[in-house]
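Welcome! Here is a short tour for anyone opening this structure for the first time.

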Amino acid sequence: MPYLCLMQEGNANFPRLIERANCNGFSVIAMPINAMEIPLEFEKEPMNKTDSQFTYGDLLLTADQWNTKTILMLSELIDCDSEDPLVRKNSEEVARRDISWAEHLQYGGYTMIKLKCAKNMNLARVVTQQIKGVLLVQVPLYNAPAAQAVWRRDLREEEVLDLEQQDTWQWWNCFRCAADFNIKLKVVLEFNETERPNLDIIRRWMGEPLEAVIIPSTMFIRNRQKYPVLPKAWQQVLACILQAHVNIIVSTDANDSNLKLYADYLQNFRDIHKDAHSLESFEDGLEIPLQPLYDNLDCYTYEIFERDPVKYKLYQDAIAAALIDRVPESEIANKLTVIMVLGAGRGPLVRSALNAAENTKRKIRVYIIEKNPNAIRTLSAMVEELWSTKDVHLFSKDMREFSPPEKADILVSELLGSFGDNELSPECLDCAQRLLKSDGISIPCKSISYINPIMSSKLYNAVRNLRTESITRDKHATYLMHAESAYVVLLKNIYNIAMPQSLFEFIHPNRDTIIDNSRYKILNFPVDLDCVLTGIAGYFESTLYNDITISINPPTHTCGLVSWFPMYFPFTEPLAVTKGQIIEIHFWRCVSKKKVWYEWCLVSPSTTHIHNLGGRSCHIYCT
């Protein structure tokens with residue numbers, strides 16, 4: 001459940017603070033793990049003889065309060081990368097001791113540490129080998145040099161200027177790379193009172209494992225009714241961030257009397273801007289693409305598809321438009337149009353065709369072709385009970401082997417998949433076009449796939465986790481089995497490094513003398529911000545008829561269309577790219593008699609191996 005957290009400096013009475021937070025609309029508090037700051041420049045060792053005065057006992061709160069009501073903050077004075085060997089060594093000891101104490105207080109709870117500069121290699125080594133729960137890494141959205149002077153007394157003026165110029169995302173990136181993309185690491189992004197950041201900067205953070213944002217109470221202004229609100233520029237930023245379902249932490253001092261007003265405002269703001277929908281549970285979940293030619297779909301899968309009213313309404317509109325063009329008003333009474341529904345499933349496209357005929361007053365004969373014997377049972381009942389008075393005929397056949405009593409005026413199918421061709425619509429419709437009259441219409445008549453490079457720490461770790469689980473279960477599993485597989489994913493926590501570009505196009509019916517559905521294309525994408533390339537997202541646009549289209553391509557996404565999630569083609573390892581570079585992706589669609597598969601690789605700014613070479617990790621069966 002999302003939480004609203006209170007971070008209040010100078011209030012060491014933690015039971016009282018939890019009570020105060022709850023009374024004012026906050027469900028969690030962020031508290032220092034130590035009762036007072038620990039000096040790190042000890043001249044004598046060991047520290048364990050002198051540090052007991054700085055902490056407090058575990059009986060201060062109940063076990064449930066420690067575990068569900070608190071985020072434990074490690075000392076900001078910890079400097080494991082200090083050039084002073086004594087400070088560095090003492091920092092390591094404090095970090096290890098306090099993380100151990102945090103694990104004692106919380107069972108898999110939240111511990112937070114703050115990054116203050118780019119040098120965090122040793123810190124990453126120390127904390128990631130200790131942590132068992134979740135490690136929240138606090139990073140400022142923009143660097144605040146004044147804050148640096150508090151913890152670093154040795155900074156010169158030119159060093160302060162250098163800190164101000166640094167991209168704090170790089171601090172995080174270096175830290176998590178040193179920690180090998182540890183799945184326990186999550187980001188807490190700290191807002192500060194600078195000018196509004198570029199939304200592209202915010203979108204890049206969307207590709208990271210964002211846990212929360214910290215909003216200082218000093219950022220609030222008073223509206224006309226004298227209530228505290230965020231400036232409009234920062235409202236835009238927060239609205240963007242909330243799309244990733246992040247939590248909110250408010251930092252304030254112990255004397256602030258506006259806690260209830262902050263909580264009410266932020267809770268209302270989150271309710272207004274939350275991106276809640278029925279498919280939320282599918283977000284960033286890796287799914288194996290369907291293979292309807294090879295596997296018979298079950299009723300659960302059919303039901304999910306049939307919940308999409310937008311798709312079938314657009315198909316109905318396309319069929320209606322085709323009927324009107326094919327049968328002029330003067331021929332309505334006498335002309336019959338033959339419609340073949342290929343791969344009918346449980347009949348939603350049949351209903352679209354019958355509705356289109358009724359709305360346009362055109363006469364139709366419908367041939368239903370479906371190879372799934374289980375779906376045939378449902379269709380048989382529907383033909384008998386619902387369509388017995390209609391000119392409807394059912395055939396339990398593969399569309400590629402069907403011999404019709406007559407040829408069709410219109411072929412209707414929905415074998416688009418998430419990539420436009422990954423359910424083998426080119427191969428199926430190329431075989432089925434012999435069922436179509438020479439001047440017949442195919443719905444859809446065109447599909448185009450699109451790709452773009454993306455950054456998603458969450459998806460990278462999800463693929464890596466699948467790979468680890470597979471090897472654990474099966475000693476014969478290979479490193480590449482999951483790292484080179486394509487997935488269907490409802491993309492959420494991602495950063496689009498560049499806009500999608502068109503990849504492969506297929507036209508139906510295909511009138512080429514020699515039909516070849518293999519493809520190869522090279523695409524170049526400019527990099528606008530330093531980031532990490534973890535994979536390729538795939539989409540499609542399809543023209544059903546004339547100007548009636550359906551699309552899951554983000555710039556042209558059909559509003560309300562939920563039948564298809566995007567594709568995800570991972571790279572086996574994350575690849576750092578910098579602003580101004582060009583990402584050159586090579587992509588293949590390969591075809592053999594028994595299977596179809598995709599291959600992909602990066603050529604610039606560095607070169608990878610060709611992923612899924614020969615379809616070794618994933619492929620689509622033709623039979």
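The points below cover the annotated site, the cavities, the nonpolar cores and two further residues.

This is a predicted model, in which local features need pLDDT of at least 70 and side-chain atom pairs count only at pLDDT 80 or more, while totals for chains, interfaces and linings use all residues. Residues are numbered from 1 along each chain as its sequence is written, and side-chain values use heavy atoms, with hydrogens and water left out.

**The annotated site**

- An unreviewed UniProt entry carries the annotation "active site" for E414 and E423; UniProt positions are given in the numbering used here, feature names are shortened, and annotations may be inferred rather than shown by experiment.
- Both E414 and E423 belong to the lining of the largest cavity.
- E414 sits in the loop between β14 (408–412) and α15 (425–432), and E423 is placed in the loop between β14 and α15 too. Helices (H or I, at least four residues) and strands (E, at least two) are DSSP runs, numbered from the N terminus.
- Why does E414 count as buried? E414 does so because its relative accessibility is 16%, and buried means under 20% relative accessible area, with exposed over 50% and partly exposed in between (1.4 Å probe, protein chains only).
- E423 is buried as well, at 12% relative accessibility.
- Leaving aside neighbours within four places in sequence, E414 is in contact (heavy atoms within 4.5 Å) with K311, Y312, Y315, P348, L349, E423 and W564.
- The side chains of E414 and K311 make a polar contact of 2.7 Å; such a contact is a pair of N or O atoms within 3.5 Å, where within protein one must be able to donate a hydrogen and the other to accept it, and residues adjacent in sequence count only if both atoms are side-chain atoms.

**The cavities**

- A cavity is a set of points, on a 1 Å grid over the protein atoms alone, where a 1.4 Å probe fits but cannot get out; lining residues have an atom within 4 Å of a point.
- How many cavities of 30 Å³ or more are there? The count is 3.
- The largest cavity has a volume of about 410 Å³, where grid points are joined across faces, edges and corners, and a volume is the space filled by probe spheres set on the points.
- Its lining holds 27 residues, and P292, L297, G343, E370 and L415 lie nearest the centre.
- α11 (299–306), α12 (309–326) and β12 (363–370) each supply at least two lining residues; α11 gives the most, with 3.

**The nonpolar cores**

- A nonpolar core is a set of buried Ala, Val, Leu, Ile, Met, Phe, Trp, Tyr and Cys residues joined through side-chain atoms within 4.5 Å.
- The largest core has 125 residues, of which F191, W205, I215 and F587 touch the most other members.
- Helix α9 (residues 232–242) gives the most to this core, with 7 residues.
- Apart from this core lies another, of 51 residues, among them I319, V341, A357 and L459.

**Two further residues**

- N120 lies in the loop between β4 (110–114) and α4 (121–130) and is buried, with a relative accessible area of 7%.
- The side chain of N120 reaches the backbone oxygen of C117 at 2.6 Å.
- E92, in helix α3 (residues 85–105), is buried at 13% relative accessible area.
- Not counting residues up to four places away in sequence, E92 touches C80, N122, R125 and V126.

Key. On a 1 Å grid over the protein atoms alone, a cavity is a set of points where a 1.4 Å probe fits but cannot get out, and a pocket is an open set with protein on both sides within 12 Å along at least five of seven lines; lining residues have an atom within 4 Å of a point.
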